[in-house]
Amino acid sequence: MEELITELEAQEERLRFDRFDNDDAWALGSLLVEVARERALPITIDVRRGGQQLFHAALPGTTPDNDRWIERKIRVVERMHASSFLVGRRLAAKGEAFDAEYGIDPAQYATHGGAFPIRVRDVGVVGVVTVSGLPQAEDHALVVEVLGRFLGHLS
């Protein structure tokens, strides 16, 4: 578990933006849709900045429940400034639950993979990109893969 946590922390260090605006949100969301369509993935995608939803797409095979999962995962990132998967793995490693540790309503938060902080260098977390529809490790891996591709194009 420690190796996984170290890798998740390294991803968050590596996947940082120099800036992030509405056009970046649209481009990132569109790239996620493109990859998901190529692989026929039944996912819902959400990109936000400063609490404002800038991109949302629900692909074939999704349901309104995916939107509920997205909201719960986003709350974890906004509260903890770390990916929902990293928060969940850290808690699991300590044998703790988010509700017990932090006194929150588990119906409002989900420490399951798929929500990743949009972190701008020298600023901090400004938004969240989220995927729902696959097993949690796959949701997380897809976001990380596409963020890496997206940031590679900006360099």
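This briefing describes the fold, the surface and one residue of a protein chain. The model is predicted, so local features need pLDDT of at least 70, side-chain atom pairs count only at pLDDT 80 or more, and totals for chains, interfaces and linings use all residues. Residues are numbered from 1 along each chain as its sequence is written, and side-chain values use heavy atoms, with hydrogens and water left out.

**Fold**
- The protein chain has six helices and four strands, where helices (H or I, at least four residues) and strands (E, at least two) are DSSP runs numbered from the N terminus.
- Their order along the sequence is α-α-β-β-α-α-α-β-β-α.

**Overall shape**
- The C-alpha trace spans about 40 × 35 × 30 Å along its principal axes.

**Burial and contacts**
- Of the 155 residues, 47% are buried, meaning under 20% relative accessible area with a 1.4 Å probe, protein chains only.
- Among contacts (heavy atoms within 4.5 Å) with a separation of 6 or more, 66% join residues 24 or more positions apart.

**Ala57**
- Ala57 is part of strand E2, residues 52-58.
- Ala57 counts as buried because its relative accessibility is 14%.
- Leaving out residues up to four places away in sequence, Ala57 touches Val33, Ile43, Thr44 and Ile45.
- From Ala57 to Asp46 the C-alpha to C-alpha distance is 6.7 Å, and the two are 11 residues apart in sequence.

Terms used: Buried < 20%, exposed > 50% of the residue type's maximum accessible area, 1.4 Å probe, protein only.
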